[in-house]
Amino acid sequence: MQHTGITKNQFLFSVACFFMSPPLLLAILFKNAEHEAWLISLVGAGLGFGAACMVMALYRLNRGKELAGICQAALGKTAGRFLTVLYLLFFFFRLCSDVSQVSGFLSTYVLPETPIPVIMAVLVAACTVSAHRKAGPLCGIAFWIFLLVAGYTVASIFLLRDKIDPENYLPLFSLESGRYAESAAVTAAELFSGLTVFLVLFNEETGRDDLRRPVLTGYGLAALILVLAVFRDGAVFGSFSAFLTAPSLQSARMINIGEILSRVELLYVLLFVFAVFFKIALSVYAVSKLLAAVTGCDGTESFVWPVGILLFGASVISFRSYAELTEWGERYMAFYLWIFEGILPAVLLVSCAAKRGIRNLRLRAAGLLGIGSARALRDLQELPGESDGAGKPGEPEAPGKEQGKPAERAAAERAAAEKKRRRQVAVAMTASLLLSGGISVSLLLGLRVPSPFAPLVWIAKSVYSFFCFS
Amino acid sequence: MRRAKRIVCAVLAAVLWMPLGGCWDKRELSELAVVMGIALDAADGENGENGEAVAVCAQIANPVSGGSGKESGGAAVQTYTNFSGSGSSVFEVLRGMTHKSSRRLYNSHNQVILFGRALAETQRMGEVLDFFLRDNEIRYNILIAVVDGKAAETLTVTPEYENIPAREIGELIRNQKANSESVPCTLLEFVQCGLSAGRAALVPLIRLAERGDGESSGGESGGTQSKRLEVAGCAVFDGGIMKGTLNKEETRGALWVLGSADAGIVSVETDGVRTELEVLNTERHLSVRADKNGAVTAELRLVITANVGEVNRPGTAIDRGFVEKISEACSRKIQEEIRAAYRKSAALQCDVFGFGEFLYRHRLKEWRVLEADWPLRFGELTLSLHVQTHIEEMGELTAEIPLGASGRNGEARP
């Protein structure tokens, strides 16, 4: 297992930064919940906290294992691998969506003349370079990003105090009941979910202590900042906030300090880019690590650049317009987020708990009857959460296990493994370069490349129509 | 492997320097036409020529003059340039100005949007303002005003203090807080009123007045010298269309109810003594309720804190009795102003006080019943006013100085 020395506090602020990054999504919240967005944000934060607790319970049951190992421990080898691949795709598509959203935002509000692919290229390259240095350095700067974003949020509330009208929060319970449920579900999914990425990263921590408290504290801090931002924007714009594509940016534009400092939105954009950079870079690293686990390959950093290159190619063709991206965010993204951040972790948790419960019962029964004790002890060692990080597929065996082998044979095996790893990385790099290069060339030639999101939209639409959702 | 890494790094460095330079989005000041104000009028003729709906005049600051209005040699330089055009939409006209201006119009520093009365009374502002709300260069705290006449004319009036008329108009509107007889209205506030439940928006009304004898222009930068700008109350907008106007007293009456009248002079007369009271602070408590029959009662409690600013009869004793009298007179005067504003707004069927919005926010069930015919219900509501005035200070004087024909104790002055 490779530890990069991330401390508990760094984990705390990393989680906080990870959740704080999507203030743009507030537009979806306001569009759904209008002036009652503050209420929905509180409900969403509560639902998100429940999901976070569930993910942490899953982590505690499978201490030392990463997502791939957890899936296999819960569902068996084949189904577990299949689920890991699905999670890999989910993380990747979420990354594409994030990159498209940030690039679209920057292109619309900050760099209107710069072509979006150029913004995407710079963003993805910067994130990939950071991800290549592993999660340690990234988590090291999380505290400072959190401090800046939290400081800005509090300061902006103070600076906008004369424009804040608490009456804008009223009336209460004026919407249809169905809209509350829908808004809360979408808000919980889009603003307060995403902790499953950390199931890939938890083992980066140096110690073996329980991460539950720092992770949930980090989540709580992020939720507090997001809820404060919702309260601020709702109080400034009232029902008008439902019409805005970026309420937080617009509230930053309302700040005017003594008729001198009136371009505060630049600071907001800068902080937003910092937070998004952190989220994307960490996600790129997580996707690379999961890819290494899926392919049974050691050396996560070797997959970082292929993932980055592929991410750029996929992001470029994901959405043709900001409107298309908004539609995806509003209507379909929450569907997948609920599946992968809510339902599947719940299934994994129940499965792991059930397996553990059954084995405990078997052990107790065996103990009572006094038979099969040797096998029972062996089972106990293999229980989820009791083993020592054996769940990561493809991880090389511990050196201690090689002691019985002759040194030359061990060296030859290592060389063969390294050769295999290089070959796999070369294949990944070539494939990603070919795919992204092909996409870029096609776009330059004016050819229309189908969006990878099209099948996802079709699936979500089919499910919606099957269940008669609006 | 290391060699390959170096090659990749070199290629990336070579590719990435271009966007990192930020050349795409550079905007040199010398390439921008900085818009300081925009005037919107109804196009001339019936629906304009060729189906044109709106006439736009954009005032551009001239940075060459450096804001001084004079060149080094002393010759006057126009500190602004006005571009006009008409078309079917604001965006079309503004972009069409590139045919006349060698620089692209830059709206981020726009101070004010002015509507001509004819446009405000005939066209929904939602349609006209869509461009300003959608464009990311424009800020929502930009001021708006209605011009009693052609809005474009105000952008040619010689400014008194500033170098650019649009800037002068902006300052003039902001300055209305001092007397509460008009109210600054930003784009955001206007839209919020439009989206609210039944509340009409108050927008400053500007007039072009002839300069009186002895009035001269302090400006040096050209423009119409014979006219000056003045604020004359407010225009009332409901449903995005201008429905009428409130004069200065009526406007202040509405602002008392809205809790926005935090400053101003109230003139009261008691026993033949006219006293000017300067309002320092207003505390407002509003309650609106409807009974089962749909009869609406609005109850307003106002606590005004004021100073004595001027007493215009020499020898008046400013004692406790006098203070009580002027306090009561001030309360009565404020009630009269509120009732006058109510009568006018009821006649216009526009709820400028936000009573409907209060019901919507605090008594949603009652509002749902009244919502459909609120303009009529608003005209029939019972207005219950309780105004208290506290006089805090008498100014720098303890008593009136007898600077009349006779001195202290009726003695003739030397």
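Author: Accessible areas here come from the Shrake-Rupley method with a 1.4 Å probe. On that basis, chain B has an accessible surface of about 20,700 Å², and carbon and sulfur atoms hold 48% of it. Please bear in mind that this is a predicted model.

Reader: What share of the residues of chain B counts as buried?
Author: Of its 414 residues, 47% count as buried. The elements of chain B are 12 helices and 14 strands. Among its contacts with a separation of 6 or more, 70% are between residues 24 or more positions apart.

Reader: Why is B:Ser196 called buried?
Author: The limit for "buried" is under 20% relative accessible area. B:Ser196 has 14%, so the residue is buried. B:Ser196 is located in the loop between helix H7 (187–195) and strand E8 (201–210) of chain B.

Reader: What does the corresponding reasoning give for helix H9 of chain A?
Author: H9(A), residues 177–191, has 15 residues; it reaches 21 Å from first to last C-alpha, close to the 21 Å expected. Its buried residues include A:Tyr180, A:Val186 and A:Leu191.

Reader: What makes A:Ser97 a buried residue?
Author: A:Ser97 has a relative accessibility of 3%, which is why it counts as buried under the 20% limit. The residue lies in helix H5 of chain A. Leaving aside residues up to four places away in sequence, A:Ser97 touches A:Phe319, A:Leu325, A:Trp328, A:Met333 and A:Phe453.

Reader: Why is the pair A:Lys279 and A:Asp98 called a salt bridge?
Author: The rule asks for a side-chain nitrogen of Lys or Arg within 4 Å of a carboxyl oxygen of Asp or Glu. A:Lys279 and A:Asp98 meet at 3.5 Å, N to O, and form a salt bridge. A:Lys279 belongs to helix H13 (residues 265–295) and A:Asp98 to helix H5, both of chain A, so the pair ties together parts 181 residues apart in sequence. A:Lys279 counts as buried at 7% relative accessibility, and A:Asp98 counts as buried at 11%.

Reader: How do you know that A:Arg409 and A:Glu413 are separated by about one helical turn?
Author: They are four residues apart in helix H17 (residues 407–444) of chain A, and therefore about one helical turn apart. An α-helix has 3.6 residues a turn, so residues three or four places apart point the same way. A:Arg409 and A:Glu413 form a salt bridge, with their closest N and O atoms 3.9 Å apart.

Reader: What makes B:Arg104 and A:Glu113 a salt bridge?
Author: Their closest N and O atoms are 3.8 Å apart, and the limit is 4 Å. Across the interface of chain A and chain B, the rule finds two salt bridges.

Reader: How much area is buried between chain A and chain B?
Author: About 2,700 Å² is buried, and carbon and sulfur atoms give 56% of this area. A:Phe240, A:Arg253 and A:Arg263 supply 23% of the area that chain A buries against chain B, more than any other three residues. The contact takes 36 residues from chain A and 28 residues from chain B.

Definitions and conventions: Residues are numbered from 1 along each chain as its sequence is written. Chains are lettered from A and ligands numbered from 1 in the order in which they are written. This is a predicted model: local features need pLDDT of at least 70, side-chain atom pairs count only at pLDDT 80 or more; totals for chains, interfaces and linings use all residues. Side-chain values use heavy atoms; hydrogens and water are left out. Helices (H or I, at least four residues) and strands (E, at least two) are DSSP runs, numbered from the N terminus. Buried means under 20% relative accessible area, exposed over 50%, partly exposed in between (1.4 Å probe, protein chains only). Contact means heavy atoms within 4.5 Å. Buried area is the accessible area (1.4 Å probe) that two parts lose on being put together, summed over both. The expected span of a helix is 1.5 Å times one less than its number of residues.
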